[in-house]
Amino acid sequence: MAKSRDLCRRIDRSDGFATLTLDLFSGSPNPNPCSYSRSAKRVRVSCASPAASAAEENRSNPFDSLSEEILFLILDRLESDPLDKKSFSLVCRSFYAAESRHRRALTPLRSGLLPAALARYPSVSRLDLSLCPSVTDSALASVGGALRSSLRSIDLSRSRGFSYAGIEIVAVNCAALVEINLSNATDLSDAAAAAIGRVRNLEKLWLARCKMVTDMGIGCIAVGCQKLRLLCLKWCLGISDLGVGLVAVKCKQLRSLDLSFVPITEKCLPAVLQLPHLEDLALVGCLSIDDEGLMSVKQESKSLQVLDMSNCQHVNHAGFSSLLSKTPGLHEISLAYYCKVTHSLASSLQKLYNLQSIKLDGCEVTTSGLKTMANSCRSLGELSLSKCSGVTDEGLSFFVTKHKGLVKLDVTCCRNITDLSLASITSSCTSLTNLSMESCILVSREGFRLIGQRCHLLEELDLTDNDLDDAGLRAISGCRNLSVLKIGICLKISDEGLIHVAKGCPNLQELDLYRSVGITDIGVMAIARGCPLLQIINLSYCTEVTDYSLRSLSKCSNLNTLEIRGCQVSSSGLAAVAAGCRKLTKLDIKKCYFVDDAGMLLLARFSQNLRQVELEPSEVWKQQSQEMHV
Amino acid sequence: MVPERRRPPEASSKSSSSMMSESPRNRKPDLPFTPFDSTNLWCGDRHGRSFLEFSPPLVTQSNGLFGPDRETKSKNQHEPSPVDDPVMDWNPRLMLSNLSFLEQKIHQVQDIVRSIISHEDQFLDQANELAAQQQLVTADLTYIIIQLISTAGTLLPDIKNALLSTNPAVGRPGSNQKQHEILPVEVAKASQYDSLIKDLNSCGGKEDELIKCSNNSGVEASEPIPIEDHDTKDNDDGMDGENLPPGSYEVLQLEEEEILAPHTHFCLICGKGFKRDANLRMHMRGHGDEYKSPAALAKPSKEASIEPQPIRRYSCPFVGCKRNKEHKKFQPLKTILCVKNHYKRSHCDKSYTCSRCRTKKFSIIADLKTHEKHCGRDKWICSCGTTFSRKDKLFGHVALFQGHAPAIPMDDAKVLVTSDKAQVSEASSGMPGNMDYNFSGNTSLDAQSPDLKGVDDGHGCFSPMTLDACNIWGLAEFPHSAYEVSESTFSFLATVPFKGMEKIKFQAAGMMNCSEQHYPVIIYIRSNKGVQVETSIMTDAHARTVSFEVPVYSWHLNPTSAEISICRTQHERGKYYKCRIT
């Protein structure tokens with residue numbers, strides 16, 4: 001008993017072990033029955049010798065001496081990798097039972113096995129059915145029957161085939177339910193909404209694209225679920241001001257409300273802004289809201305922090321300024337595809353003392369607007385100017401010198417910026433972690449050198465379609481924290497540059513080499529060796545890449561996405577990947593004409609986590625592995 | 001007279017009966033009166049009372065319900081009641097008498113309550129009587145509160161001033177020549193009473209009527225003649241926003257006979273009457289060639305308008321009406337048509353009753369038709385059972401009351417009921433050809449005649465047929481109480497929705513044993529792809545088939561089978577009958 005308590009304490013103290021060895025029978029005076037090593041991510045439970053334990057048949061199963069408490073503590077630390085849990089449950093009956101009772105989240109691949117799975121896992125609280133394209137009412141009935149008290153969250157966002165009756169059963173039986181995701185249920189009508197209205201404790205509800213739900217249905221939800229904190233009504237085209245107004249009147253706890261593309265006008269906005277805790281409001285693409293309407297709204301909202309008004313084409317700076325003056329606590333504004341960012345709009349940001357993030361994707365930005373914005377805002381952490389026209393060196397340089405705390409900067413497709421901008425960005429914003437500068441074609445080697453030299457904290461860098469060469473890549477490899485690097489369509493880079501990256505960026509997790517045709521096997525092998533944490537790699541149309549690359553990539557055990565469209569790979573390479581990368585979920589092998597049935601068979605055998613394979617000639621062919629994702 | 005329209009029928013008939021006794025000069029004595037319903041026959045004994053006596057209608061109404069107390073109560077009524085003059089010049093004496101009256105009133109209530117206490121054991125077996133007593137007390141208290149507020153209201157300086165300036169003739173009850181109108185302030189106050197009373201008077205039942213009566217009592221008691229401000233409808237009659245200074249126009253006053261005459265244009269030769277002069281001119285052609293000349297056929301007014309005509313306005317012949325030229329705040333009527341409509345609406349009986357709801361009455365047939373377009377189509381329903389004709393009104397109601405929710409239409413709700421028993425119809429979603437909806441819970445609402453059910457079951461309507469058409473025999477069930485057509489049977493033969501047509505044509509054939517000739521019917525069709533289509537048609541009692549078309553765009557996804565339901569209003573939607581698309 002004392003031993004077990006000691007074990008508990010030790011496991012408790014260790015935050016995240018790599019290997020845990022439980023030596024149960026190696027003699028009583030062992031002072032350290034529980035040892036850790038960080039060499040491999042496995043749990044190793046060793047008996048003194050199997051023969052010895054078989055000989056002592058009168059003794060009970062040695063694993064039974066481990067209490068459930070200990071097993072649960074171990075399981076708590078196995079959350080990261082599903083395969084580990086599977087191995088764990090295969091040790092013995094008691095481990096199997098412990099794992100069954102311990103599991104809280106379930107993501108089944110097909111709903112037919114749902115009753116059996118629910119019988120095995122009685123305490124699942126989080127049921128993600130997004131991988132089951134078809135969920136029938138009877139499957140939902142079995143959920144309602146099996147997880148009466150434990151179910152807290154259910155995700156049906158990608159499933160079809162159920163009706164309101166199924167939802168009703170879940171709603172009535174599962175009293176603890178707090179989260180429902182019913183997005184994309186385009187055929188569900190108000191009856192389903194009325195069923196949801198019976199879940200009294202519901203806190204989060206996603207109804208995106210439920211186009212048949214009308215004000216009547218949302219009214220039932222508003223009256224029934226008064227504890228709602230998050231409500232997503234994106235693309236609910238049947239809902240109007242009345243429904244939203246009723247939600248705002250009844251659900252006073254709302255924190256986050258997404259009304260994107262809902263045909264609402266300004267009439268419901270006073271009620272919405274009156275919500276005492278509202279923090280996040282999305283009004284993307286609300287075309288019925290216009291300047292006059294916004295100016296007529298007199299209600300203030302102190303709590304609002306995030307406002308997304310992208311694509312509101314009928315709102316100009318007058319209406320927007322009027323709204324901003326009512327929401328002094330904003331942290332984040334998104335105005336993507338807004339008409340024009342000028343001086344007058346930028347000056348309306350002046351009163352927002354807490355503003356940290358501005359997204360202006362696709363807007364027309366003037367230099368004076370950018371300068372005024374730089375002067376009006378206090379200290380921004382994030383700025384997105386992607387696809388903005390009119391961004392110049394002058395404006396951007398002025399902006400970054402005013403906002404030295406910038407962490408994320410997106411200047412995608414700002415084709416006019418040059419090394420001058422990069423010089424001021426790198427000198428001012430030393431804490432930059434994300435930099436996207438896709439298609440900034442005027443930036444030269446000197447700019448990349450500055451990035452590598454000054455931005456040591458950079459984690460994500462997007463240089464797709466830039467004038468990047470090996471020397472630039474070598475400079476960039478100086479950012480040692482880089483985890484995402486996108487250097488697609490950089491036609492000048494070659495293996496030499498990649499070798500520098502492999503040496504300089506050991507934490508690289510995602511690498512995009514799409515159509516960077518100068519890459520050969522040598523570069524990919526170097527990456528595979530130098531970046532063991534690699535999860536996503538895109539080698540599409542790198543025509544020089546062959547099976548050798550795949551064999552080397554098979555050493556990257558974390559690889560989950562592999563795109564080798566149009567590469568000269570064959571079945572043998574694919575087999576190596578299938579055997580080595582057990583976590584592979586997405587694979588694109590279109591136009592790989594040398595891959596034949598042999599490769600596919602091996603893939604089917606080994607890659608049990610595979611969810612999506614893109615093949616020639618079929619467009620998208622979803623292969624679901626046979627077994628449950630355990 | 002105008003407020004009658006706002007009041008429930010018993011209130012209107014009550015005041016009209018009193019009207020009859022008090023001011024017969026404005027009416028033909030032989031004008032037919034609205035027949036009383038059996039529910040308000042008890043008002044009959046109140047004939048011949050003056051309007052002042054009419055003042056505490058709450059009490060009288062309670063009396064009607066409650067026999068034994070009538071003697072004492074009616075004594076109260078015959079006392080001169082100074083209470084009901086909140087509009088009058090304020091004087092301390094009046095106030096004193098008001099207060100003493102209230103005191104008296106409170107004592108009465110005390111007495112009643114005391115008697116309830118003393119007879120408590122007797123009431124045990126007479127629950128109705130006890131309830132009536134309670135109602136009486138509530139009504140009395142309500143009345144007291146109204147009077148208290150209105151008495152206090154006279155003290156407010158602005159009201160008082162307004163009253164003084166606009167009502168020089170107050171205090172002379174019975175004078176028909178000088179009228180005054182209710183001040184807007186007063187009306188506003190009345191609405192405040194409304195809300196106040198609603199809070200106080202939670203005993204349901206007669207609540208609304210009580211409130212309305214109390215308000216009306218205040219209005220009528222304060223005026224010698226039950227004539228009030230013109231209402232919104234009178235505004236429609238033509239004088240909206242027109243601000244002609246008095247004297248700048250010529251005022252014409254037609255006599256009542258002229259207004260009510262069916263024809264206004266008469267042939268000088270044969271004496272035939274016409275409603276329009278154009279018709280008369282057409283008629284005149286028959287009397288000789290001299291009437292066929294273009295000059296004779298032309299519109300006469302055009303020739304006359306060469307010289308500038310004085311502006312002509314019209315006055316209502318009903319003395320005391322605001323549209324009457326003697327009225328202090330006379331508002332003239334613009335045209336003869338306005339006069340006719342105003343007179344009929346405001347001063348005539350409402351002889352046209354809506355055949356569907358049987359409560360709404362109109363004096364102009366056009367008004368009736370307008371109403372009938374909307375009658376019975378209150379399709380927005382709250383879970384508490386209240387229906388609304390407008391969605392925003394429903395949502396206002398739901399927002400106001402805790403626990404009320406919008407009600408989803410009936411057929412869906414029924415399935416919700418059944419699903420509680422875990423009867424899940426798995427096949428209901430998108431499996432073509434398999435349409436086993438489980439509607440087991442729907443029998444409670446529909447009075448279904450058994451013979452037709454037999455037809456429904458026995459007829460091989462769902463058997464696969466090789467014909468292009470598949471017949472369905474259906475029965476549209478209507479709640480019997482609403483329209484008294486419980487025995488009327490509808491059997492519909494729906495034919496042939498074809499795939500791929502531009503419009504899908506349904507034909508419904510059957511007999512309609514119904515007293516009414518034409519009435520709209522709503523037809524719901526839904527396909528197995530979940531698409532619901534709603535269409536409305538007029539039925540004809542004589543026609544044996546009715547056909548209607550549904551556009552294909554609302555019918556997407558190529559359904560393989562469909563169901564049809566036929567009903568009067570949306571919330572009556574009952575059973576769906578299946579038909580197959582071939």
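I began with A:R449, which forms a salt bridge with A:E446, the closest N and O atoms being 2.7 Å apart. For a salt bridge I need a side-chain nitrogen of Lys or Arg within 4 Å of a carboxyl oxygen of Asp or Glu. The two sit three residues apart in helix α19 (residues 445-454) of chain A, so about one helical turn separates them. (Helices are DSSP runs of H or I with at least four residues, strands runs of E with at least two, numbered from the N terminus.)

A note on the source: this is a predicted model, where local features need pLDDT of at least 70 and side-chain atom pairs count only at pLDDT 80 or more, while totals for chains, interfaces and linings use all residues. Residues are numbered from 1 along each chain as its sequence is written, and side-chain values use heavy atoms, without hydrogens and water.

Next I looked up A:R565 and A:D588, whose side chains meet in a salt bridge (2.7 Å, N to O). A:R565 lies in the loop between β24 (561-563) and α24 (571-580) of chain A and A:D588 in strand β25 (residues 586-588), so the pair ties together parts 23 residues apart in sequence.

Is A:D588 buried or exposed? I found A:D588 buried, at a relative accessible area of 3%; buried means under 20%, exposed over 50%, partly exposed in between (1.4 Å probe, protein chains only).

I also noted that salt bridges with shared partners join A:E99, A:R103 and A:R120 into one network. Over all chains, I have 23 salt bridges on my page.

Note on methods. Chains are lettered from A and ligands numbered from 1 in the order in which they are written.
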